Amino acid sequence: ADIPVIPDLEEVQEEDLVMQVAAPPSVQVNRVMTYHDLDKDLRTYAAFQTLDGEVDLKLLTKVLAPEHELREDDVSWDWDHLFTEVSSELVTEWDLGQSEREE
């Protein structure tokens with residue numbers, strides 16, 4: 001009676017997992033700050049003007065580029081066109097270097 005027995009598959013009732021659905025994870029979504037909000041916070045809060053209370057960042061914050069200067073239009077690249085363009089520029093520079101050495 002004390003000997004453990006491995007049950008047969010017929011004896012074991014398997015749960016029907018098809019009808020069970022796992023609960024979705026609960027994740028707290030924090031709002032992502034925009035560039036405008038970050039710029040405003042950087043200029044208004046003194047906490048952002050020093051790093052570790054020792055390094056003064058005021059000079060850096062004065063020369064940071066505004067967002068509109070950093071935005072660029074998306075440009076699709078064509079590998080063949082880009083390779084040809086770079087290759088021709090390199091050949092042109094090489095030719096100019098050769099002609100300067102000859103003179």
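Me: Buried means under 20% relative accessible area, exposed over 50%, and partly exposed in between (1.4 Å probe, protein chains only). What percentage of the 103 residues in the chain is buried?

Reply: This is a predicted model, where local features need pLDDT of at least 70, side-chain atom pairs count only at pLDDT 80 or more, and totals for chains, interfaces and linings use all residues. Residues are numbered from 1 along each chain as its sequence is written, and side-chain values use heavy atoms, with hydrogens and water left out. Of the 103 residues in the chain, the buried share is 5%.

Me: Where in the chain is confidence lowest?

Reply: pLDDT is the predictor's confidence in each residue, from 0 to 100, and its mean over the chain is 78. Helices (H or I, at least four residues) and strands (E, at least two) are DSSP runs, numbered from the N terminus. Helix 4 (residues 79–102) has the highest confidence, at 90, while the lowest, at a mean of 68, is in strand 1 (residues 50–51).

Me: Which residues of helix 1 are buried?

Reply: Helix 1 covers residues 35–44, and the face turned away from its buried side carries the exposed residues His36, Arg43 and Thr44. The buried residues of helix 1 are Asp37, Asp41 and Leu42.

Me: Why do the buried residues of helix 1 line one face?

Reply: An α-helix has 3.6 residues a turn, so residues three or four places apart point the same way. Taking directions from the helix axis to the C-beta atoms, the buried residues of helix 1 line one face because they fall within an arc of 130 degrees.

Me: What do those buried residues pack against?

Reply: Contact here means heavy atoms within 4.5 Å. Lysine 58 sits in helix 2, and its C-alpha atom is 9.7 Å from that of leucine 42, 16 residues away along the chain. The buried residues of helix 1 pack against helix 2 (58–63).

Me: Is leucine 38 buried, partly exposed or exposed, going by its relative accessibility?

Reply: Leucine 38 belongs to helix 1. Its relative accessibility is 41%, so leucine 38 counts as partly exposed.
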